[in-house]
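Work through each task before reading its solution.

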Amino acid sequence: QSEIRKRLIEAFTNAGDEYLSGQFLAEIAGCSRTAIWKHIEELRKEGFVFEAVKKKGYKIIQAPENVTADEISFGLKTDFIGRAIHYEEEVDSTQKIAHRLATEGAVEGTVIVAEEQLSGRGRLDRKWHSPKYSGIWMSIILRPNLPMQKAPQLTLVTAVAVVQAIEEVTGLLPQIKWPNDILISGKKVTGILTEMQADADRINAIIVGIGINVNQKQDDFPEEIQQIATSLAAESGQNMSRARLMQAVFARLERLYQTYLKEGFFPIKLLWESYALSIGKEIIARTVTGDIYGKALGITEDGVLNIQQANGEIVQVYSADIFI
Ligand code: BT5
């Protein structure tokens, strides 16, 4: 993202409904008015619509429908999540880029976002379908000072943040299926993939991958996931701004993450359980070593799922796919 455009966007964000003069923008950005005009042209090409009024200046009246760094920065209210953004039209997987940037020292809160992923992935190397312009495909780099075994909790922190953001922006009421699925009307609208880089037993970076189906129509989904996947547009009947939703996710995640670091997992656990689909229900947990049948009791401090089997015995499940 161009440093000057970043400053301009920030100025327009802070200005709200006010017009900003070319002179003022030039001072803020530290360049000539001609240069400002060129950058505004660039922003126009990205899809921003400006209103220009003589003697008053410029105002942004419409932001574009892409997820470029400029568009996401416009209106962003966080302190660190989403403050640094790497935007790509097309990538293999945003996780891959995030891992590389994290190794190279990227700051906490750095976001990698792409319009399309050619090999988006889920857990256990499963595929994540990520078609162009219709969803949010992003990875967020976090650097919590925590021991390794706490890492799975961040999947649950993220799930709560995404549910709250979807609720805020769309009015829809999603539910969480342990550990990492977000469903609406029983169909998957979001998948979360948390990966870790660790030195000794300390976390160096957590890469939080989030895939949200936003503007797909139901028949856009490939055959094999037609019955199990949905999008926010399919559920609400209207298209929505992906950038606006990303901003909401960043704001919610930043707040919950800070609560989590300060107060521990307990407040998150309560929120998570209030959104959880399977607690109190009879479920099947399909693990790599076989199926476990029983009643989902809740999650432990570590984010592990407790299941009570018919014989009364309680088993702890660390990783599984849940069927209800
Ligand atoms: C997940 O895995 O749900 C984690 C998905 C994480 C995707 C994000 S996108 C940004 C970042 N970069 C990446 O490369 N990945 C992350 P899992 O629980 O294993 O679920 C995968 C299963 O979900 C697949 O086997 C399909 O059945 C189904 N699926 C694939 N694409 C889907 C989609 N777009 N919507 C709903 N379900 C889908």
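**Exercise 1.** Determine what span helix α3 should have and how its end C-alpha atoms compare.

*Solution.* Helix α3 covers residues 33-46, which is 14 residues; helices here are DSSP runs (H or I, at least four residues), and strands are E runs of at least two, numbered from the N terminus. The expected span is 1.5 Å times one less than the number of residues, so α3 should span 20 Å, and its end C-alpha atoms, 20 Å apart, agree. Just after α3, G47 adopts a positive phi of about 115°.

This is a predicted model, in which local features need pLDDT of at least 70, side-chain atom pairs count only at pLDDT 80 or more, and totals for chains, interfaces and linings use all residues. Residues are numbered from 1 along each chain as its sequence is written.

**Exercise 2.** Identify which residues come nearest to the ligand.

*Solution.* Around the ligand are 28 residues (C-beta atom, placed from the backbone, within 6 Å). S93, G122, G191, G209 and G211 come nearest. Elements giving two or more residues to this shell are α5 (94-103), β5 (135-142), β8 (187-199) and β9 (202-213).

**Exercise 3.** Decide whether G122 is buried, partly exposed or exposed.

*Solution.* G122 sits in the loop between β4 (111-117) and β5. A residue is buried with 20 or more other C-beta atoms within 10 Å of its own, exposed with 12 or fewer, and partly exposed in between, C-beta atoms being placed from the backbone. G122 has 16 such atoms, so G122 is partly exposed.
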